Amino acid sequence: MPDHDLIKLRLSLMGRPVRNYTFTKPVISVGRDPGADVYVDNPGVSRDHFRLERVEGGEYQVVDLGSANGTFVNDQMVNSSVVHNNDVVRFGKYTLWVGYESDRRAVSRDEAAAAAAGAAGHTVVLSRAEIAGILEHEKRQPPAKVVPITMPEAPVRAKADRPSTWPSLLIGFVLGTAFGAGIVWWLLNR
């Protein structure tokens, strides 16, 4: 088993990033054909410019498909060449950076359990089958006993302890009215 099973490609036009790709498939087509895996609409790129083919060991090989302007790996024109991590494939005005990674989603159940045990506080990704198993297990469990939570009652103050609110409201109303009338008088007599 190779130590990587994903190829990541970063397409750039004259040094400016255009798009990122991630593939696990064995053959990746690159060209001006709209059906290509990496589609590049530019007259300097041939319809079927080149192909990336997985070789033994998990890396990919660039195979030029008779393109008009050629395919270059690390600025060397090639008909066929294995590309390694961080190699750059140039075709027309475009470059394609190549990177290899392991698919973290394709970890065995034992490896995932070991990682989860040693990685407390980290995100654990479960497959649909694992989630279904957990849900099925939960269905078979007897329902948990629900204990109602009661809040302690607030002490009720006696009527004599409560301040009377209407006199406060009346005083506030009178003061507010007087203040408003004073502002109006001041604005009119300036």
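Analyst: Here is a walk from the overall layout to the charged pairs and then to the rings.

A word on the ground rules: this is a predicted model, in which local features need pLDDT of at least 70 and side-chain atom pairs count only at pLDDT 80 or more, while totals for chains, interfaces and linings use all residues. Residues are numbered from 1 along each chain as its sequence is written, and side-chain values use heavy atoms, with hydrogens and water left out.

The chain has eleven strands and three helices, and its elements run β-β-β-β-β-β-β-β-β-β-β-α-α-α from the N terminus. Helices (H or I, at least four residues) and strands (E, at least two) are DSSP runs, numbered from the N terminus. Of the 190 residues, 23% count as buried; buried means under 20% relative accessible area, exposed over 50%, and partly exposed in between (1.4 Å probe, protein chains only).

Five strands form an open sheet in the order S4-S3-S5-S6-S9, with mixed pairing. Strands S4 (38–39) and S9 (80–83) stand at the edges with a single partner strand each, so one side of each has no neighbour in the sheet. Two strands pair if DSSP finds at least two bridges between them. Within this sheet, S5 (residues 50–54) and S6 (residues 60–64) pair in the antiparallel sense over five bridges, and Arg54 stands opposite Tyr60 in S6.

How many salt bridges are there? The count comes to four, where a salt bridge is a side-chain nitrogen of Lys or Arg within 4 Å of a carboxyl oxygen of Asp or Glu.

Asp33 lies in the loop between S3 and S4 and Arg47 in the loop between S4 and S5, so the pair ties together parts that are 14 residues apart in sequence. Asp33 has a relative accessible area of 23% and is therefore partly exposed; Arg47, at 47%, is partly exposed too. The loop between S4 and S5 also holds Ser46. Ser46 is buried, with a relative accessible area of 15%. Not counting residues up to four places away in sequence, Ser46 touches Gly31, Arg32, Ser67 and Ala68; contact here means heavy atoms within 4.5 Å.

Asp75 sits in the loop between S7 (71–73) and S8 (76–78), while Arg90 is in S10 (residues 88–91), 15 residues apart. Asp75 is exposed, with 56% relative accessibility, whereas Arg90 is partly exposed at 29%. Arg90 also lies over the face of Phe72, at 4.2 Å from the ring centre. A charge sits over a ring if NZ of Lys or CZ of Arg is within 6 Å of the ring centre and within 35 degrees of the ring normal.

Rings of Phe, Tyr and Trp (its six-membered ring) pair if their centres lie within 6.5 Å; planes under 30 degrees apart count as stacked, over 60 as edge-to-face and the rest as tilted. Phe91 is buried at 0% relative accessibility, and Tyr94 is buried at 9%. Ring pairs join Phe50, Phe91 and Tyr94 into a cluster.

Finally, the neighbouring strand pairs have charge and rings as well. S1 (residues 6–13) runs antiparallel to S11 (residues 94–101), joined by eight bridges, with Leu9 opposite Val98 in S11. Arg10 lies over the face of Trp97, at 4.5 Å from the ring centre. S1 also pairs with S2 in the antiparallel sense over seven bridges, and Phe23 in S2 is the bridge partner of Ile7.
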